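Please read this briefing alongside the sequence and the model.

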Amino acid sequence: MKISSPEEMLDYGKMLAKQHKILLLHGELGAGKTLLTKWFAQGLGLNHNFVQSPTYAYLNVYESKLLHIDMYRIKEYHELVEKWIIDQINEFEYIIIERPKFIDQLPFKDPTILHIQKTSEKERDIKTLN
């Protein structure tokens, strides 16, 4: 899917929130993973202004409804256990994981896996990988 504007990304994120509960987002730095998460949150009726990248915090929780994780700094599966991330995953209905790792060991089935590629300043190419 080609996204040509911020408005199209907003619409896409809101549509995803209506149809999916678990998203795994792949993409380079600046591809739009967190932006898509903002619009997904808005689609759930949450305040998107609070959505920010969890790269350094590992995870953010939005209004006790959406769990947002970034696994960029996770090197081994046991870190997910030690940092209580696995326990958090078990508590939420809506989950977005940026740069997911250890997918086959995570406690959920049938996540929607997306790859976001920045093709220009405003354009993104989003592919569903499953």
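Seven strands form an open sheet in the order β1-β7-β6-β2-β5-β4-β3, with mixed pairing, where two strands pair if DSSP finds at least two bridges between them and where helices (H or I, at least four residues) and strands (E, at least two) are DSSP runs numbered from the N terminus. The model is predicted, so that local features need pLDDT of at least 70 and side-chain atom pairs count only at pLDDT 80 or more, while totals for chains, interfaces and linings use all residues. Residues are numbered from 1 along each chain as its sequence is written, and side-chain values use heavy atoms, with hydrogens and water left out.

- Strand β2 (residues 22-26) is joined to β5 by four bridges, the two running parallel, and Leu-25 has Glu-98 as its bridge partner in β5.
- Four bridges also join β2 to β6, again in parallel, with Leu-23 standing opposite Thr-112 in β6.
- Four of the five residues of β2 are buried, which leaves the strand mostly covered; buried means under 20% relative accessible area, exposed means over 50%, and partly exposed lies in between (1.4 Å probe, protein chains only).
- Strand β4 (residues 66-70) pairs with β5 in the parallel sense over five bridges, and the bridge partner of Leu-67 in β5 is Ile-95.

- Helix α2 lies across β2, β4, β5 and β6 and runs at about 170° to β5; axes are lines fitted to C-alpha atoms, for helices over the stretch in contact, and angles run from 0 to 180 degrees between N-to-C directions.
- Met-9 is found in helix α1 and counts as buried at 3% relative accessibility.
- Leaving aside neighbours within four places in sequence, Met-9 is in contact (heavy atoms within 4.5 Å) with residues including Gly-32, Leu-36, Trp-39 and Ile-126.
- The C-alpha atoms of Met-9 and Gly-32 are separated by 8.9 Å, although these residues are 23 residues apart along the chain.

**Nonpolar cores**

- The largest nonpolar core has 22 residues, of which Leu-36, Phe-40 and Leu-66 touch the most other members; such a core is a set of buried Ala, Val, Leu, Ile, Met, Phe, Trp, Tyr and Cys residues joined through side-chain atoms within 4.5 Å.
- The elements giving two or more residues to this core are α1 (6-19), β2, α2, β5 and β6.
- Another core, of 18 residues, lies apart from it, with Leu-24, Ile-89, Ile-97 and Ile-113 among them.
- Not counting residues up to four places away in sequence, Leu-66 touches residues including Phe-40, Leu-44, Phe-92 and Tyr-94.

**Aromatic pairs**

- A search of the whole structure finds two aromatic pairs; rings of Phe, Tyr and Trp (its six-membered ring) pair if their centres lie within 6.5 Å, and planes under 30 degrees apart count as stacked, over 60 as edge-to-face and the rest as tilted.
- Phe-40 and Tyr-94 form an edge-to-face pair, 6.3 Å centre to centre with 65° between the planes.
- Phe-40 lies in helix α2 (residues 33-43) and Tyr-94 in strand β5 (residues 94-98), so this pair ties together parts that are 54 residues apart in sequence.
- Tyr-77 and Phe-102 form an edge-to-face pair, 6.1 Å centre to centre with 80° between the planes.
- Tyr-77 is partly exposed, with a relative accessible area of 25%.
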